[in-house]
Amino acid sequence: MAPEDSPERCSPAPRRQTARLFRDAPLLLDCGLPVSDVRVAYHTYGEAREEATLVLHALTGTSAVHEWWPDFLGPGRPLDPTRDYIVCANVLGGCAGSSGPGELPTLRGTDAPLTLRDMARAGRALLEHLGVRRVRVVGASMGGMLAYAWLLECPDLVERAVIIGAPARHSPWAIGLNTAARAAIRAAPGGEGLKVARMVAMLSYRSPDSFAQTQSGLRAPGVPAITSYLHHQGEKLQARFCERTYLALTGAMDAFQPTDAELRTIQAPVLVVGIASDQLYPAAEVEAYARQLPRGSYWQLESVHGHDAFLMDPGGLPGQVAAFLGQGAALPSA
């Protein structure tokens, strides 16, 4: 199967490409439903080859790595398109070009539940479609959980993986936050609930010290800065994201519960990164999963900015990732 748009070499502003997959044989979802003619949106950076670095985006992310991870993508950085072939796809069920919940079959009148393993199988089909036979995986947040799914679902394909700010399975705390977010969406469909869901999420993505540094005082007379900030974040997400995708992806994350025995079957080298002030996925929880991996190693990012530090305050993280991928000397903790 050939892509609708051929992969292009790296440019200052790569364009999104689209592939149509599972036309000859369907993708069988874990819920039992077959899905045919799946659309997957993706970006590539660098010259196409059989070995690639696969980037897995976060919950509300897209395949446009150059837009959201400039500290990692570029010449001399861990994701270097002058040296490597880099691929990032919008996940199955996403709303940034890939087939979303509204385009997939329904189950008993509701959107079919998707799993992270479903997403990994769709991603594997894309790599086969691009002629990629071996990958190094880099994922953060939801992308880190998805990296665990890739390691379990596609062990023959993954050479090594970097998992940043993510556990192997959701804790009751994380599931509880997502449950509250989904309840808000269902209680106020049409956008208002999604805004509230984003507010709940943003509180878990940062830390008290981070907000004390960045959102103290008043933004306008009588309006606390944090209040203005949360409303702004909710409105931004509502303008660009799909509430059905939010329901589908958070549900898939909550349902992903690999056992310790399954984790111990992973033979690829894995660098697991915890974030010292992460309120959503505490560093001790992330480190505990690293210990389950036969070839796992752990590094901790020291930052006050919580879960979102991998985006806004990466410190020595790029150096650690580059070293693990075999591209340079590791740096001390930030």
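Student: Why is helix H5 called oblique to helix H7?

Tutor: Helix H5 (residues 192-205) and helix H7 (residues 225-240) pack at an angle of about 125°, with their axes 8 Å apart, where axes are lines fitted to C-alpha atoms over the stretch in contact and angles run from 0 to 180 degrees between N-to-C directions. Angles under 35 degrees count as roughly parallel, over 145 as roughly antiparallel, 65 to 115 as roughly perpendicular and the rest as oblique, and the angle between H5 and H7 therefore makes H5 oblique to H7. The crossing of H5 and H7 is right-handed, a word used if the near helix is turned clockwise from the far one by less than a right angle, left-handed being the anticlockwise case.

Student: What kind of model is this, and how are its residues numbered?

Tutor: This is a predicted model, in which local features need pLDDT of at least 70 and side-chain atom pairs count only at pLDDT 80 or more, while totals for chains, interfaces and linings use all residues. Residues are numbered from 1 along each chain as its sequence is written, and side-chain values use heavy atoms, with hydrogens and water left out.

Student: Which residues make H5 and H7 meet?

Tutor: Among them are Leu194, Arg198 and Met202 in H5 and Tyr229, Leu230 and Leu237 in H7, contact meaning heavy atoms within 4.5 Å. By class, this contact of H5 with H7 has seven nonpolar, four polar and four charged residues; Ala, Val, Leu, Ile, Met, Phe, Trp, Tyr, Cys and Pro count as nonpolar, Asp, Glu, Lys and Arg as charged, and the others, Gly among them, as polar.

Student: What makes H4 roughly antiparallel to H8?

Tutor: Helix H4 (residues 172-187) and helix H8 (residues 243-255) pack at an angle of about 160°, with their axes 10 Å apart, and that angle makes H4 roughly antiparallel to H8. H4 passes H8 in a left-handed crossing, and the contact includes Ile175, Ile185 and Arg186 of H4 and Tyr246, Leu247 and Asp254 of H8.

Student: Why are H2 and H3 called roughly perpendicular?

Tutor: Helix H2 (residues 116-130) and helix H3 (residues 142-153) pack at an angle of about 70°, with their axes 9 Å apart, and H2 and H3 are therefore roughly perpendicular to each other. Residues of the contact include Leu116, Met119 and Leu127 of H2 and Met145, Trp150 and Glu153 of H3, and the whole contact divides into nine nonpolar, one polar and four charged residues.

Student: How do you know that the residues listed for "binding site" gather at one spot?

Tutor: For "binding site" (unreviewed entry), UniProt lists Arg198 and Asp308. They span 111 residues in sequence, yet no two of their C-alpha atoms are more than 13.7 Å apart, so they gather at one spot. The lining of the largest pocket takes in both Arg198 and Asp308, and Arg198 is found in H5.

Student: What shows that the "active site" residues cluster in space?

Tutor: UniProt places the feature "active site" (unreviewed entry) at Ser141, Asp278 and His307. Although these residues are spread over 167 residues of sequence, the largest C-alpha distance is 10.9 Å. The lining of the largest pocket includes Ser141 and His307, and Ser141 lies in the loop between strand E9 (134-140) and H3. A pocket is an open set of points on a 1 Å grid over the protein atoms alone, where a 1.4 Å probe fits, with protein on both sides within 12 Å along at least five of seven lines, and lining residues have an atom within 4 Å of a point.

Technical notes
Helix = DSSP H or I, 4+ residues; strand = E, 2+ residues; numbered from the N terminus. UniProt positions renumbered as here; feature names shortened; annotations may be inferred.
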